[in-house]
Amino acid sequence: MYSVFTRAARHGRSTVRIAAAVLLSGLVTAGAISGAGPARAVDGAPEQGGASAVISGMDTHGMAVVHEDGKDEQVSAGLFRMIVDGGGMLQTYCVDIHNPTRTDARYQETPWSGTSLGANKNAGKIRWILENSYPQVNDLAALAREAGTTTLTEQDAAAGTQVAIWRFSDQADVDAVSPAAEKLADHLQRSAVNLAEPRASLTLTPQAVSGHPGERVGPVTVRTDAGGVSLMPLTGAAEEGVRVVDKKGHPVTSAADGSRLYFDIPKDADAGSAALSVQASTTVPVGRAFTSDTRSQAQILAGSSESTVAAGTTATWARQGAVPALSAQKNCAEGGVDITVANKGDEPFTFALMGKRYTAAAEATRTVTIPLQEDQAYDFTITGPHGFEKRLRGILDCRTTSAAHTDDKGLRTQALIQPSPASVGGTGAAGTDLADTGTSNATPVIAGTAIVLVLVGGAALVLVRKKKAPAEEPSGDE
């Protein structure tokens with residue numbers, strides 16, 4: 001049943017399957033900056049590459065009991081299923097036991113540093129569990145012998161694996177209800193050793209580059225385990241004659257792991273910017289993290305079919321003045337979002353953010369960390385001179401105890417949200433219908449097969465506004 005998700009299925013991947021040129025989910029606005037006149041905004045590329053998917057509910061699972069503050073809470077424990085944008089299916093376990101999961105939540109492949117795993121010294125043991133248990137190991141008889149039990153059902157295997165993961169991801173006091181599942185959880189916990197974080201299924205590094213007309217701006221390096229990568233047509237620069245080329249200046253339409261790409265900017269090009277998106281088909285590496293831009297528990301990959309993955313980068317150019325390349329990334333170690341500006345221009349680039357002004361000197365790079373509260377949704381716009389503007393949105397989800405609160409006696413208790421059955425899109429108050437999440441004893445969602453429409457590259461929201469940076473704002477450099 002789950003052979004497409006197992007270790008053996010990773011051999012013999014198909015060749016690259018590429019959909020028609022589309023704008024991918026998670027698009028953000030990327031602006032060009034020039035020495036005179038307003039900047040032109042273009043559709044950008046995903047802030048981080050890899051698979052983008054919508055969670056559809058729980059798959060194979062059993063039951064477990066969480067012991068906390070002298071209380072026992074029965075929860076569902078097992079695999080979730082995700083539908084990948086552009087084609088493919090993923091199976092995941094959760095690494096955030098105290099948060100709910102929305103069945104319609106959109107998830108993006110994310111580095112461990114952007115999740116609670118980044119600061120978890122046992123994160124590598126979770127990857128070992130994923131590599132050495134169900135569904136990667138689907139010989140249940142062999143897995144039962146290793147665990148010291150006579151038999152294991154698929155439900156036992158999924159529940160035992162999830163319980164073992166929770167013991168490392170959430171430091172949870174949790175036991176499987178099934179004796180066989182509990183033996184498997186104990187075996188996995190005892191046997192686990194730290195493994196390195198798996199690399200992303202597809203990335204372009206850096207997220208943004210900048211330079212001058214008449215130059216090859218870059219390089220942008222492709223990293224992937226796919227057999228090949230296809231380049232989508234550039235957006236935002238067709239009238240300028242900008243091309244994507246290799247180091248020797250030859251036009252390229254496909255790439256592979258390690259390829260170095262450049263934006264070839266004509267000498268007579270006006271100041272502007274362009275966005276490049278790439279796509280590939282591959283199995284996503286086991287152990288990759290997935291986070292949502294809504295409050296929906298973080299997931300970690302247990303199995304992948306052949307799936308569509310994507311990544312993007314932007315280029316900005318101008319003859320004179322500031323020429324910024326701007327990127328953003330969650331930084332859980334510092335509790336915020338890192339904003340990095342690489343200024344290739346001959347003048348400083350000053351940008352306004354959250355009531356402060358920051359400056360990146362000419363031919364210099366500056367990173368600013370914007371501190372945020374746990375579970376805080378952020379939606380802020382970076383502005384600069386001549387209409388430069390870029391909007392960044394998301395939610396900071398760096399700790400597994402985000403639902404914790406303190407009672408009148410100063411003791412930490414856990415607000416376990418009770419989910420209700422949900423349909424894709426949600427029908428409850430304020431759209432908060434929740435799937436069975438591992439934080440409730442409600443009847444699990446997904447009893448049969450649903451027909452799901454996958455919009456390739458859906459859920460893009462690009463807002464472009466033009467305004468000047470307030471000159472009277474206090475400086476963040478002070």
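**Charges and buried strands in a predicted model**

Me: In this predicted model, in which loop is the place of D346?
Reply: D346 belongs to a negative surface patch, which is formed by E215, D346, E347 and E363. Its relative accessible area is 51%, and because exposed means over 50%, D346 counts as exposed. As for its place, D346 is in the loop between strand 20 (336–343) and strand 21 (349–353).

Me: Is R167 buried or exposed?
Reply: The side chain of R167 meets that of E182 in a salt bridge of 3.0 Å, N to O. R167 lies in helix 3 (residues 154–169) and E182 in helix 4 (residues 179–191), so the pair ties together parts that are 15 residues apart in sequence. R167 has a relative accessible area of 11%, and since buried means under 20%, R167 is buried.

Me: How many residues apart are R199 and D257, whose side chains meet in a salt bridge?
Reply: The side chains of R199 and D257 meet at 3.3 Å, N to O. This pair links distant parts of the chain, with R199 in the loop between helix 4 and strand 8 (202–205), and D257 in the loop between strand 13 (254–255) and strand 14 (260–264), so that the two are separated by 58 residues.

Me: Which residue in strand 18 does A208 stand opposite?
Reply: From strand 9 (residues 208–211), A208 and S210 point one way and V209 and G211 the other way, and all are buried. Strand 9 runs parallel to strand 18 (residues 307–317), and 4 bridges join them. In strand 18, the residue opposite A208 is T314.

Methods: Residues are numbered from 1 along each chain as its sequence is written. This is a predicted model: local features need pLDDT of at least 70, side-chain atom pairs count only at pLDDT 80 or more; totals for chains, interfaces and linings use all residues. Side-chain values use heavy atoms; hydrogens and water are left out. Patches are made of residues with over 30% relative accessible area and no salt bridge: like charges are joined within 9 Å, nonpolar side chains (Val, Leu, Ile, Met, Phe, Trp, Tyr) within 5 Å. Accessible areas come from the Shrake-Rupley method with a 1.4 Å probe; for residues, only the protein chains shown count as cover. A salt bridge is a side-chain nitrogen of Lys or Arg within 4 Å of a carboxyl oxygen of Asp or Glu. Lys and Arg count as positive and Asp and Glu as negative; His and the chain ends are not counted. The place of a charge is taken as NZ of Lys, CZ of Arg, CG of Asp or CD of Glu. Buried means under 20% relative accessible area, exposed over 50%, partly exposed in between (1.4 Å probe, protein chains only). Two strands pair if DSSP finds at least two bridges between them.
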